[in-house]
Amino acid sequence: MGSDSTSTGAPRWAALARDTNETKIQLALNLDGGHFPPETDPRLVSSTEGHASQASKSQTISVNTGIGFLDHMLHALAKHAGWSLALACKGDLHIDDHHTAEDVCLALGYAFATALAQGTGVAGLARFGSAYAPLDEALSRAVVDLSNRPYAVVELGLVREKIGDLSCEMIPHCLQSFAQAARLTLHVDCLRGANDHHRAESAFKALAVAIRAAAARVPGREGEVPSTKGTLSV
């Protein structure tokens, strides 16, 4: 199933565990699809039968956070970004959804940054990516910069209190948490839409396509840092 890397670089992958008194997270990520790192906890990929699980020749995705709509959004993000992603979280959902949603997205962002560094960092990459994604009446736009300058502007226009078991206030906060830990700049806007589920999902899909474009290797620019400063490390 898939390859562990492209022909021009090392595998861009990461496996981690993040344990606190509020959440316990295990995660494995491969930015180019294909297999997971050898150190991946085998329990993460022992089943792909959940509602947010999918296996194909190029990707394996399995997400279980305990919050169904968050699983759905992260499944869409991984699928359209071209990632293989296995993620499990046990959180204090008896309190509310905040700790789980925030910590999962922080862990995913950290894994993204780590996986990117496992290759050549941003050297040879497009660096910038943008995309529009529709879902029926909803249309969202995402713009991404692998800048090493964490910043997020998220305007989704959600009006419901919750979508499933995920608080609508947590949806932009999830994207902000991901950007913080991934050390990227993102702007995500839902431009129109009547249904909050559609608005949120189109936003995650637009972000996925933009990230995939930004993280793409550019033939002929191997080793080149896409910055006038000559570095994106500071």
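D19 stands opposite K24 in β2. Seven bridges join β1 to β2, residues 23-30. The two strands run antiparallel.

The model is predicted: local features need pLDDT of at least 70, side-chain atom pairs count only at pLDDT 80 or more, and totals for chains, interfaces and linings use all residues. Residues are numbered from 1 along each chain as its sequence is written, and side-chain values use heavy atoms, with hydrogens and water left out.

Now step back to the whole chain. Its secondary structure comes to four helices and 11 strands. The radius of gyration (over C-alpha atoms) is 17 Å. The globule rule (2.2 Å times the number of residues to the power 0.38) gives 17 Å for 234 residues, so the chain is as compact as a globular protein of that length. Along its principal axes, the C-alpha trace spans about 50 × 40 × 35 Å.

Return to β1 and β2. They belong to an open sheet of five strands, in the order β1-β2-β5-β4-β3. Its pairing is mixed; strands pair if DSSP finds at least two bridges between them. The edge strands are β1 (13-19) and β3 (53-55). Each of these pairs on one side only. Neighbouring strands here are turned by 5 degrees against each other on average, direction ignored. Axes are lines fitted to C-alpha atoms, for helices over the stretch in contact, and angles run from 0 to 180 degrees between N-to-C directions.

Which strands does α1 lie across? They are β3, β4 (60-64) and β5 (84-91). α1 runs at about 160 degrees to β4.

The other sheet to follow is also open. Four strands make it up, in the order β6-β7-β11-β8, with mixed pairing. β6 (128-135) and β8 (151-155) stand at the edges with a single partner strand each, so one side of each has no neighbour in the sheet. Neighbouring strands are turned by 10 degrees against each other on average, direction ignored. Within this sheet, β7 (residues 138-145) and β11 (residues 185-192) run antiparallel, joined by seven bridges. R141 stands opposite D189 in β11.

Helices cover this sheet too. α3 (residues 170-182) lies across β8 and β11, at about 160 degrees to β8. α4 packs on the sheet and touches β6, β7 and β11. The direction of α4 makes about 150 degrees with that of β6.

How do the helices meet one another? α3 and α4 pack at an angle of about 15 degrees, with their axes 11 Å apart. That makes α3 roughly parallel to α4 (under 35 degrees; over 145 is roughly antiparallel, 65 to 115 roughly perpendicular, the rest oblique). I171, L175 and F178 of α3 make the contact (heavy atoms within 4.5 Å) with A200, F204, L207 and I211 of α4. These residues divide into seven nonpolar, no polar and no charged. Nonpolar covers Ala, Val, Leu, Ile, Met, Phe, Trp, Tyr, Cys and Pro; charged covers Asp, Glu, Lys and Arg; the others, Gly among them, are polar.

α4 (residues 196-214) also meets α1 (residues 68-81). Their axes come within 7 Å and cross at roughly 30 degrees. That makes α1 roughly parallel to α4. The residues of this contact divide into 12 nonpolar, three polar and four charged. Among them are F69, M73 and L77 in α1, and F204, L207 and R212 in α4.
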